[in-house]
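Good morning, and thank you for coming.

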Amino acid sequence: MDRTDLTCRLGIDLGGTKIEARLLTPDGSELWRHRCATPAGDYGATLQAVQALVAGAGLALAGQRPGAGFTIGLGSPGAAGPDGRMKNCNSTCLNGRPLQADLEAALGQPVRLANDANCLALSEATDGAGAGAAVVFAVILGTGVGAGIAVHGRVLHGPNGLAGEWGHNPLPWAEAGDPAPACYCGQAGCLETLLSGPGLAADHRRHTGQTLDAVAVAERAAAGDAEAQATLRRHAHRLARALAAVINLLDPDVIVLGGGLSRLAHLYREVPALWGQWVFAAGATGQPVHTRLLPALHGDASGVRGAAWLWPAPA
Ligand SMILES: [Zn+2]
């Protein structure tokens with residue numbers, strides 16, 4: 001690629017069912033978007049699909065801004081290990097593959113890569129709910145629980161690529177009645193097993209014998225069902241404890257929630273009303289906790305926008 005004006009940013013969100021691409025200007029406006037189905041279980045076809053999206057973005061940009069080019073960032077479900085090979089991807093054909101190196105070879109330009117939770121953190125820190133904040137802790141509460149950390153607009157990775165993997169810490173300040181379900185990671189009682197959508201549904205089933213998904217539990221709670229309301233209270237109480245531990249460790253300016261359960265509006269009232277009792281000094285002295293808990297401004301688009309911002313916009 002012989003373009004010196006790489007001021008636009010292409011973000012690609014490589015999901016289990018679809019691959020989405022958006023081309024952003026330096027101020028975050030969207031120039032072009034496209035999505036395609038993820039070739040299930042086929043690594044070579046996945047690379048080709050990404051190449052086709054990049055080519056499509058190139059054509060679109062050439063038509064709008066002749067001579068301009070773009071950087072490429074990719075959000076993926078798992079993470080690259082220190083050897084560059086992918087791990088923990090639910091699209092298992094990626095696991096063990098040097099995705100970044102293979103894409104760079106295919107595309108002839110550098111590609112930056114981060115997992116979906118890190119992309120959420122970066123998207124929201126750049127021009128979302130955490131814009132202007134020094135430290136953003138972003139949580140995906142969905143089918144699983146992931147989290148990422150952005151510091152001064154950059155993703156914190158760490159030597160193990162694990163920064164923010166709070167979903168596989170245990171629930172702190174244990175109380176009688178806290179279950180410790182087995183987690184796929186090999187541990188028991190991980191936050192993911194209690195705070196995710198399936199975790200909330202399993203908790204409701206343990207207490208009531210009813211098999212409902214998290215959305216149905218929330219709908220019943222809104223309709224006045226006392227058992228469903230109790231399930232949401234236990235969930236909010238556990239989330240408050242889990243985030244109080246984050247505040248004690250990292251003291252982020254903003255905690256952003258993304259994923260399906262981030263649409264539960266009661267969390268933004270109830271969790272900050274609860275977490276002070278476990279935040280160091282606040283519980284004993286009644287000092288206010290200044291951390292803000294906010295829903296992701298860009299919603300489901302945060303993955304693809306955060307991937308684009310893996311290359312920060314020029315100042
Ligand atoms: Zn786990």
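**The zinc site and side-chain contacts**

Let us begin with the zinc ion, whose protein donors are His168 through ND1 and Cys183, Cys185 and Cys190 through SG, at 2.1 to 2.3 Å from the ion. Please bear in mind that this is a predicted model.

How are the 4 donor atoms arranged around the zinc ion? The angles they subtend run from 105 to 116°, and the arrangement is therefore tetrahedral. Along the chain, the donors of the zinc ion are spaced as H-x14-C-x1-C-x4-C. His168 and Cys185 both lie in the loop between strand 10 (154-155) and helix 4 (191-195), so this pair ties together parts that are 17 residues apart in sequence. His168 is partly exposed, because its relative accessibility is 22%. Cys185 is likewise partly exposed, with a relative accessible area of 37%.

I turn now to the aromatic residues. The whole structure contains 2 aromatic pairs. One of them joins Phe137 and Trp166 edge-to-face, with 5.6 Å from centre to centre and 85° between the planes. Since Phe137 belongs to strand 8 (residues 135-141) and Trp166 to the loop between strand 10 and helix 4, the pair ties together parts 29 residues apart in sequence. Elsewhere, Arg112 lies over the face of Trp311, at 3.6 Å from the ring centre.

My last topic is charge. Side chains of opposite charge can pair when their charged atoms come close. A search of the whole structure gives 12 salt bridges. Among them is the one between Glu20 and Arg35, whose closest N and O atoms are 3.3 Å apart. This pair links distant parts of the chain, with Glu20 in strand 2 (residues 18-24) and Arg35 in strand 3 (residues 30-37). Glu20 counts as buried at 5% relative accessibility, whereas Arg35 is partly exposed at 49%. Both residues belong to a network of salt bridges that also links Lys18, Arg22, Glu30 and Arg33.

Technical notes:
Residues numbered from 1 in each chain as written. Predicted model: local features only at pLDDT ≥ 70, side-chain atom pairs only at ≥ 80, totals over all residues. Heavy atoms only, no water. Donors = N, O, S within 2.8 Å, 3.2 Å for Na, K, Ca; no water. Tetrahedral: all angles 85-135°; square planar, octahedral: opposite > 155°, others 65-115°. Helix = DSSP H or I, 4+ residues; strand = E, 2+ residues; numbered from the N terminus. Buried < 20%, exposed > 50% of the residue type's maximum accessible area, 1.4 Å probe, protein only. Phe/Tyr/Trp six-rings, centres within 6.5 Å; stacked < 30°, edge-to-face > 60°. Lys NZ or Arg CZ within 6 Å of the ring centre and 35° of its normal. Salt bridge = Lys/Arg side-chain N within 4 Å of Asp/Glu carboxyl O.
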